[in-house]
Amino acid sequence: MNSFNKDQRSAREAIEYAQWIAFGPVVFQVARSMRNLGIIDALIKGGRKGKTLDDIAKETGVSEYGVRVLLEAGLGMGLVLENEGLYSATKTAYLIENDPMTNVNMDFTHDVNYEGTYYLEDAIRTGKPAGLKVFGDWATVYEGLSQMPDKAKQSWLNFDHLYSDDAFPEAFDHVFKYQPKSILDIGGNTGKISMKFAKYNPDIQITMVDLPGQIEMAKKNIAENGLSDRIQFHATNLLDPANKLPEGRDAIWMSQFLDCFSDDEIVSILERCHEAIAEDGYVYIMEPFWDRQQLEASAFALQQTSLYFTVIANGNSQMYDSKVFFKLVEKAGFEIVDVIDKIGMCQTVLRLKKK
Ligand SMILES: C[S@@+](CC[C@H](N)C(=O)[O-])C[C@H]1O[C@@H](n2cnc3c(N)ncnc32)[C@H](O)[C@@H]1O
């Protein structure tokens, strides 16, 4: 994919596009309100023939005024069609209502990022996640994740899981091909992936590494799934270079983890992986690199997700361009042995060995 090397819009399209950007937050809230108030659902149920504004107001219980302003905004946004007073839904409206990826992205944008993104400019100027204050007084979102309001936490988890869930078991086939006996799952979060490892292979010894708050969350989930005897825990903050990793495992797994760190922090964590891993072991990294996506829509979603890291998560990380990331891996003393694209919806799996 190389769609970023020329300006593909005519002057007229550029004017329209600039207005989309100028009204971006309004456009977003209109679509979300139409979804939440049942207006898109009513439009879809009206089929191609469509429904009158009155009918939609009666059906949804929203005032005529409310339906009118949303429908009119929806016309300009390409969500709504109008023919002789009858309103119907477009394909885009159908996706806003029914597409799981679109819904997870919208909820993540609203529940986690919307308020905080107001402070994006401050975040860029200071290198700090200036929007995180809307949730609490933490240095990074990860310290506060287990204490975030339920709705925000759920939308965060849904977002995180959407992009990694469908990468399994395909991603594991690339790990178990080399028959590791022990594995570190770094940044294991809820314990979901450690549990998948445990179920995939009954003999492998698993250690999950994460911050203390997440380890507590994971311990509970793992106990509820009856897998406590299979998984050990190592609570640590890897931002501190003095915090070493448990040694001697013959595989290290990190999925959607290193994107939580800056360039220098990634090198520091990988250097500690280098120290900790068995001499002939492999490090596996699963990341959604925006430059390795098949579709422009996927690259777009990842490029915009980077700003969540800037303003909410930690102020200094992102969804990486693989060209930038690969240099960091090599700087830490690793050689990239395999690059496997098209894992699940958007992931790439890297296999590294010590140089
Ligand atoms: C985006 S989640 C990845 C979850 C999981 N690996 C997956 O693929 O779905 C990142 C994880 O890294 C952990 N993490 C972030 N900063 C950390 C730090 N400084 N030390 C240890 N773990 C950290 C977070 O707590 C979180 O569980």
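Visitor: Which residue stands opposite W253 in strand 6?
Guide: D185 does. Bear in mind that this is a predicted model.

Visitor: Which strand does that pairing belong to, and how many bridges are there?
Guide: Strand 3, residues 182–186, is joined to strand 6 by three bridges, and the two run parallel.

Visitor: And in strand 7, what is the bridge partner of W253?
Guide: Y284. Strand 7 covers residues 282–287, runs parallel to strand 6 and is joined to it by five bridges.

Visitor: What makes up the β-α-β unit there, and is it right-handed or left-handed?
Guide: Strand 6, helix 14 (residues 263–276) and strand 7 form it, and the unit is right-handed.

Visitor: Back to strand 6 itself. Buried or exposed?
Guide: Mostly covered: five of the five residues in 251–255 are buried.

Visitor: Which residues point which way?
Guide: A251, W253 and S255 point one way, while I252 and M254 point the other.

Visitor: New topic, the ligand. Which residues come nearest?
Guide: Y142, G187, N189, L238 and S255, out of 17 residues around the ligand. S255 is also one of the buried residues of strand 6.

Visitor: How many of the shell residues are nonpolar, polar or charged?
Guide: Seven are nonpolar, eight polar and two charged.

Visitor: What does UniProt list for residues 18–84?
Guide: The unreviewed entry there gives "domain: BVU-1015-like N-terminal dimerisation-like".

Visitor: How much of that span is helix, and how far apart are the end C-alpha atoms?
Guide: The span is 70% helix and 6% strand, with the end C-alpha atoms 30 Å apart.

Technical notes:
Residues are numbered from 1 along each chain as its sequence is written. This is a predicted model: local features need pLDDT of at least 70, side-chain atom pairs count only at pLDDT 80 or more; totals for chains, interfaces and linings use all residues. UniProt positions are given in the numbering used here, feature names are shortened, and annotations may be inferred rather than shown by experiment. Helices (H or I, at least four residues) and strands (E, at least two) are DSSP runs, numbered from the N terminus. A residue is buried if 20 or more other C-beta atoms lie within 10 Å of its own, exposed if 12 or fewer, and partly exposed in between; C-beta atoms are placed from the backbone. Two strands pair if DSSP finds at least two bridges between them. A crossover is right-handed if, with the strands pointing away from the viewer, the path from the first strand over the helix to the second runs clockwise. A residue is near a molecule or strand if its C-beta atom, placed from the backbone, lies within 6 Å of it. Ala, Val, Leu, Ile, Met, Phe, Trp, Tyr, Cys and Pro count as nonpolar, Asp, Glu, Lys and Arg as charged, and the others, Gly among them, as polar.
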